[in-house]
Amino acid sequence: MIQLIRGFKDILPGEVELWQHIERTAVDLFTTFGYGEIRVPIMEKTELFARSIGEDTDIVEKEMYTFTDRGGDQLTLRPEATASIVRAYIQHKKYADDPVHKLFTIGPMFRRERPQKGRYRQFYQLDVEAFGIAAPYIDAQMIHMLHLLFERLGVSQTEAHINSLGCPECRPHFREALLQFLAGVEGRLCSDCLRRKDRNPLRVLDCKVPDCRDAVADAPAIIDYLCTDCQDHFKTVTQSLTRLKVPFFLDKRLVRGLDYYTRTTFEIQTTLLGAQSAVAGGGRYDGLVEALGGPPTPAIGFAVGFDRLVEVLAQSLTITAPSPVLYIAALGEEAKNVAFDCAIHLGQAGLRVEMEYGDKSLKAQMKRANRLGAAHVLILGESELATGNAVLRNMATKAQSDFPLDGLANALETMLRG
Ligand code: HAM
């Protein structure tokens with residue numbers, strides 16, 4: 001038997017209801033705060049991701065599903081959505097009439113990481129981006145919106161970790177200090193860090209290897225090197241969050257795994273997921289639109305790890321699909337004709353009705369009605385056809401009532417609605 005690919009998964013009925021609940025809650029929230037949906041392809045030219053996420057990142061170096069297609073193009077299954085949305089923003093000149101665009105997208109991403117609980121090779125993100133707003137209020141608005149999303153879903157054990165990564169003005173000073181520090185601990189760094197450190201020393205701070213983490217424990221923190229503009233920006237973000245009563249934690253070690261970030265960066269972490277503690281992450285990327293060929297445009301965004309959020313919520317919440325209001329147990333061809341027309345009529349009227357299409361005994365049909373949790377069962381056999389009355393049974397009270405076959409669908413509709 002052919003099994004699915006390692007790190008990929010099916011989301012089955014019974015599980016999917018929780019996904020739908022989260023998606024509805026998120027879409028409702030994002031829409032209320034003025035974000036409109038955008039749908040972008042799941043595949044792009046490899047170069048788009050390499051240039052935006054950064055050549056030295058784990059994602060680009062090790063994790064992308066990249067292949068040459070039959071026409072010779074280098075393509076990649078998207079490891080994230082930000083790069084594609086930036087490309088679309090530029091390609092469709094969305095900045096032309098108004099640079100401000102607030103967008104969200106929901107869909108699968110692909111990273112060839114080592115699969116474990118909370119980490120998959122195909123995973124889903126709820127991704128939100130805002131273009132054209134330099135003011136720190138949008139940073140606070142996004143972090144607040146994330147907080148509200150978790151609150152509305154009833155997830156309490158989360159904490160917002162925030163940091164600032166500075167800008168092209170102040171980053172070089174920090175880089176110098178960091179390089180100096182790294183020169184002193186070189187002997188303790190992994191081969192990846194040794195290779196990356198001169199080109200991109202910030203990446204060393206994001207290394208997950210325990211020895212590297214120990215080695216950089218006392219590394220300088222970028223927050224201490226911010227220029228006045230970046231300091232002011234960050235201050236407004238933190239003050240706004242305090243006013244909005246969004247709990248946050250200043251995490252000087254937070255650098256994020258993608259190269260495009262500037263200024264405010266954040267992660268929502270939870271203790272409920274074991275090692276994969278980040279349930280959402282994001283930040284500003286004020287240089288990316290220009291770097292990819294658009295006009296200078298400030299931007300910020302985040303992505304929620306949909307799978308991780310589902311795993312957190314599943315610990316406390318079960319959502320089941322609604323049961324049918326009516327099951328029609330029909331015996332014989334003539335009865336099935338009546339049942340079928342009736343089921344279609346009621347379905348059209350917005351009522352969930354099930355019936356047996358095959359030839360099953362009344363006992364088997366009653367069993368199925370029970371298993372589906374039907375609120376009522378309508379029995380339509382030869383004797384009912386002969387008397388011109390179908391029998392409706394309320395499955396909870398066991399009360400039975402007769403329904404004339406003449407005008408049956410309309411009468412049932414009125415009764416079931418009431
Ligand atoms: P990221 O931190 O790479 O950021 O991913 C965001 C979230 O996606 C993570 O916090 C995590 O919950 C989830 N995630 C990442 N990898 C996996 C995986 N292998 N399995 C399950 N869940 C995973 C980004 O992707 C940025 N594009 C976010 C962003 C948007 N920044 C600005 N705008």
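## Close-ups of the ligand and the aromatic rings

**View 1. Who sits around the ligand.** Of the 27 residues around the ligand, the ones that come nearest are Glu80, Glu113, Glu129, Tyr261 and Ala278; a residue is near if one of its heavy atoms lies within 4 Å. This is a predicted model, where local features need pLDDT of at least 70 and side-chain atom pairs count only at pLDDT 80 or more, while totals for chains, interfaces and linings use all residues. Residues are numbered from 1 along each chain as its sequence is written, and side-chain values use heavy atoms, with hydrogens and water left out.

**View 2. What the shell is made of.** Strand 10 (278-284) gives the largest share of the shell around the ligand, six residues. Strand 6 (122-131) and strand 11 (299-305) each supply at least two residues as well. Strands here are DSSP E runs of at least two residues, and helices are H or I runs of at least four, numbered from the N terminus. Sorted by type, the shell has eleven nonpolar, eight polar and eight charged residues; Ala, Val, Leu, Ile, Met, Phe, Trp, Tyr, Cys and Pro count as nonpolar, Asp, Glu, Lys and Arg as charged, and the others, Gly among them, as polar.

**View 3. Arg111 and the ligand.** Zoom in on Arg111: one of its polar side-chain atoms lies 2.9 Å from an oxygen atom of the ligand. Taken alone, the ligand exposes 660 Å², and the protein buries 96% of that (Shrake-Rupley method, 1.4 Å probe).

**View 4. Two ring pairs.** There are 14 aromatic pairs, meaning rings of Phe, Tyr and Trp (its six-membered ring) with centres within 6.5 Å; planes under 30 degrees apart count as stacked, over 60 as edge-to-face and the rest as tilted. Phe8 and Phe110 make a tilted one, at 6.2 Å centre to centre and 40° between the planes. Phe8 belongs to the segment before helix 1 (16-32) and Phe110 to strand 5 (residues 101-110), 102 residues apart. Phe30 and Phe302 have ring centres 6.3 Å apart and planes at 70°, so this pair is edge-to-face.

**View 5. A ring cluster, and charges over rings.** Tyr89, Tyr95, Phe131, Tyr260, Tyr261 and Tyr285 are linked into a cluster by ring pairs. Elsewhere, the charged end of Lys9 sits over the ring of Tyr120, 3.7 Å from its centre (NZ of Lys or CZ of Arg within 6 Å of the ring centre and within 35 degrees of the ring normal). Lys102 lies over the face of Tyr35, 5.0 Å from the ring centre.

Methods: A polar contact is a pair of N or O atoms within 3.5 Å; within protein, one must be able to donate a hydrogen and the other to accept it, and residues adjacent in sequence count only if both atoms are side-chain atoms.
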